[in-house]
Amino acid sequence: MAALLGLLGGVAGIGSLVCLIIVLIKLFPAEGALKGVFGIICGIYTFIWGWQNVDRYNLKNVMTIWSACFVVSIIVRVLAIGVSAKS
Amino acid sequence: MKTVGLFTPVLAPLLSNRTLCRAITGFSVVHLAIVSLGLPSWPCPIRHGLGLPCPGCGLTRAIKALGAGEWQQAMVIHAFAPLAVIVLILMGYISIAPTQHWRWILQRCRLAEQKTGLSALMVVLFIMYWLIRLLFFREALYHWVL
């Protein structure tokens, strides 16, 4: 169970990272280098910016996958807390 | 690509978008509340994807420590926590401020940034702080952040 949770968490983490990079690639030319760097510092800003500009930059699939990865990683971490508490 | 210099405003364009301010403030407050309860919240994509802390990693814990009055602890975890709190409070106020007041703050903020380049300087310092910790104080960084 722990291995499965670890695998799921890893996949969600890599998925989030890939989506972050894709959104950052759109963010840098659109908003400039400083706000792009701010997007690296504050992932929440990049996430919200992505959803705000979902139609303009055709990011619907990327943002949907990122949101799914976000939800999956939270579920995995909640389950991991449960598993470690049990054992 | 937009051309940027040290005196290009960073904060003012963020504050000009009130919907963005509301979303960031709301998300951050919920995130802080969930983390304070000891529950998992926003996972940093860089940390979870690469196993490497991003420049902002540790800010939540540092802000939590600030909230508990543990200043020293907060500064050890992330020295930029007080700045993050100030920006968050400013964004929170912008979200609910009357339009006239919002425009006044926006104008002042833009002028201050264009004259001093403070925000851009802070972004550069933030990245340098992260690089120094990552290269020279890796163990301490991993201890506090990961």
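What we have is a predicted model, where local features need pLDDT of at least 70, side-chain atom pairs count only at pLDDT 80 or more, and totals for chains, interfaces and linings use all residues. Residues are numbered from 1 along each chain as written, chains are lettered from A in the order written, and side-chain values use heavy atoms, without hydrogens and water.

Let's start with the interface. Chain B brings 30 residues to the contact and chain A brings 31, contact being heavy atoms within 4.5 Å. About 2,800 Å² is buried between the two chains, with carbon and sulfur atoms giving 81% of that; this is the accessible area (1.4 Å probe) lost on putting the parts together, summed over both. On the side of chain B that touches chain A, the elements giving two or more residues are α1 (11–16), α2 (18–36), α3 (45–50) and α8 (118–136) of chain B. These helices are DSSP runs (H or I, at least four residues).

Now, the cores. A nonpolar core joins buried Ala, Val, Leu, Ile, Met, Phe, Trp, Tyr and Cys residues through side-chain atoms within 4.5 Å, buried being under 20% relative accessible area (1.4 Å probe, protein chains only). The largest one has 42 residues, and those touching the most other members include Trp49(A) and Leu15(B). Helix α1 (residues 2–31) of chain A gives this core its largest share, 7 residues. Take a look at Trp49(A): leaving out residues up to four places away in sequence, its contacts include Val23(A), Leu59(A) and Leu20(B).

Definitions and conventions:
Buried means under 20% relative accessible area, exposed over 50%, partly exposed in between (1.4 Å probe, protein chains only).
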